[in-house]
Amino acid sequence: MSRVYNFSAGPAVLPEEVLREVADEMMDYQGCGMSVMEMSHRSKVYDNIIKEAEADLRDLMNIPDNYKVLFLQGGASQQFAMIPMNLMKNKKAAYVVTGQWAKKAWKEAQMYGEAVAVASSEDKTFSYIPDCSDLDIPEDADYVYICENNTIYGTKFKELPNTKGHTLVADVSSCFLSEPVDVSKYGVIYGGVQKNIGPAGVVIVIIREDLITEDTLPGTPTMLQYKIHADNDSLYNTPPAYGIYVCGKVFKWLKKMGGLSAMKEHNEKKAKILYDFLDESKMFKGTVEKADRSLMNVPFVTGNDELDAKFVKEAKEAGFENLKGHRSVGGMRASIYNAMPIEGVEKLVEFMREFEKNNQ
Ligand SMILES: *Cc1c(COP(=O)(O)O)cnc(C)c1O
């Protein structure tokens with residue numbers, strides 16, 4: 001067996017230890033004679049799996065009791081609609097547009113009400129986070145929406161916006177569990193798990209209880225009502241059962257690693273290796289404002305498309321996979337999520353140094 005260093009933005013690298021564990025349990029989950037894939041989501045065994053996953057997540061993120069944790073489907077993209085459908089009581093919301101995902105969410109919300117872009121960084125191809133200390137938020141806006149870590153562009157909010165008392169909604173798909181967060185500052189935190197937690201197919205929504213109501217926009221499908229899922233503990237219908245089980249394993253792994261403060265330290269150390277190199281290199285350059293750099297997604301360029309392509313190709317041959325930048329921006333991007341070991345980044349930098357020397 002040989003494993004590559006996988007820098008994919010998502011679905012992405014998972015902890016090897018977790019993969020081994022789920023492989024071990026594939027044919028016979030803890031003596032019950034079947035795989036988790038084969039069992040009823042109403043069984044006692046599965047009930048323990050989903051309850052334990054939730055308890056471990058609550059523990060890791062220190063989630064207050066007045067928040068529900070929902071395990072849903074439809075990806076992060078489905079939340080782009082679910083959020084306005086459930087939260088737009090006044091049919092008005094404020095969006096901070098910091099990249100493609102934020103923009104998609106903003107556009108989607110326009111189908112349900114007035115979605116106002118209160119700040120944007122599109123003028124400089126989303127290479128920075130706009131100043132959000134004094135936004136012009138409509139008085140009656142139901143919420144302020146951000147994409148906290150911009151997977152494609154590699155920027156991250158280092159400080160949450162001043163929402164002036166409005167509910168904060170955040171897409172944390174690509175920075176989920178990468179560092180400690182104060183959940184109480186948010187109304188809704190959500191993310192697809194395929195970036196930093198588990199296999200595609202699960203989206204986790206952490207939502208303050210007072211935001212869960214029957215008062216959704218007319219025509220909101222049953223499956224898109226938070227209340228339905230909250231009232232049924234994420235078991236209204238068949239949940240993405242196997243995916244939730246793998247997420248649960250990752251939560252245990254994170255706890256064993258020392259929790260989110262330890263992860264933050266680890267992630268800072270890891271990202272610094274790459275950013276320090278980008279800052280000293282004459283060939284490779286980071287593409288975003290230094291103050292707004294993501295710890296998870298690191299885009300960079302040589303400034304020459306042919307050289308970029310050559311780099312991606314040779315890197316792949318050397319065992320560094322998925323370094324090509326997003327199709328909309330080109331260049332390169334190294335996604336270095338929780339499960340990417342430090343050696344992966346050290347070896348990548350070594351390879352980049354060598355490539356630079358050989359391609360002067
Ligand atoms: C990947 C991603 C999405 C889209 O996720 P899907 O699960 O494919 O819908 C949305 N937001 C962010 C920040 C992402 O990184």
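How much area is buried between domain 1 and domain 2, and what part of it do carbon and sulfur atoms give? In this predicted model, the area buried between the two domains is about 2,100 Å², and carbon and sulfur atoms account for 55% of that area. The size of an interface is often expressed in just this way, as the accessible area lost when the parts come together.

The domain assignment places domain 1 at residues 16–256 and domain 2 at residues 259–358. Their C-alpha centres are 27 Å apart. Across the boundary, 26 residues of domain 1 are in contact with 24 residues of domain 2.

What kinds of interaction join the two sides? Between domain 1 and domain 2 there are 12 residue pairs in polar contact, counting pairs with both residues at pLDDT 80 or more, while the count of salt bridges is zero. On the side of domain 1 that touches domain 2, the elements giving two or more residues are α2 (44–61), β7 (155–156) and α6 (241–256). The largest share comes from α6, with three residues. Sorted by residue type, this side of domain 1 consists of 12 nonpolar, nine polar and five charged residues.

Is Ser173 buried or exposed? Ser173 counts as buried because its relative accessibility is 6%, and the cut-off for buried is under 20%. The side chain of Ser173 makes a polar contact with the side chain of Asp171, at 2.7 Å. A polar atom of the Ser173 side chain also lies 3.1 Å from the backbone nitrogen of Gly192. Beyond its neighbours within four places in sequence, Ser173 is in contact with Ala76, Tyr190, Gly191, Gly192, Lys195 and Asn196.

The second stop is Pro341, found in the loop between β14 (332–335) and α9 (342–358). With a relative accessibility of 28%, Pro341 counts as partly exposed, since that class runs between the 20% limit for buried and the 50% limit for exposed. Which residues does Pro341 touch, not counting those up to four places away in sequence? They are Tyr5 and Lys270. Another proline, Pro221, is 120 residues from Pro341 along the chain, and the C-alpha atoms of Pro341 and Pro221 are separated by 42 Å.

Technical notes. Residues are numbered from 1 along each chain as its sequence is written. This is a predicted model: local features need pLDDT of at least 70, side-chain atom pairs count only at pLDDT 80 or more; totals for chains, interfaces and linings use all residues. Side-chain values use heavy atoms; hydrogens and water are left out. Domain bounds come from an automatic or database domain assignment. Contact means heavy atoms within 4.5 Å. Buried area is the accessible area (1.4 Å probe) that two parts lose on being put together, summed over both. A salt bridge is a side-chain nitrogen of Lys or Arg within 4 Å of a carboxyl oxygen of Asp or Glu. A polar contact is a pair of N or O atoms within 3.5 Å; within protein, one must be able to donate a hydrogen and the other to accept it, and residues adjacent in sequence count only if both atoms are side-chain atoms. Helices (H or I, at least four residues) and strands (E, at least two) are DSSP runs, numbered from the N terminus. Ala, Val, Leu, Ile, Met, Phe, Trp, Tyr, Cys and Pro count as nonpolar, Asp, Glu, Lys and Arg as charged, and the others, Gly among them, as polar. Buried means under 20% relative accessible area, exposed over 50%, partly exposed in between (1.4 Å probe, protein chains only).
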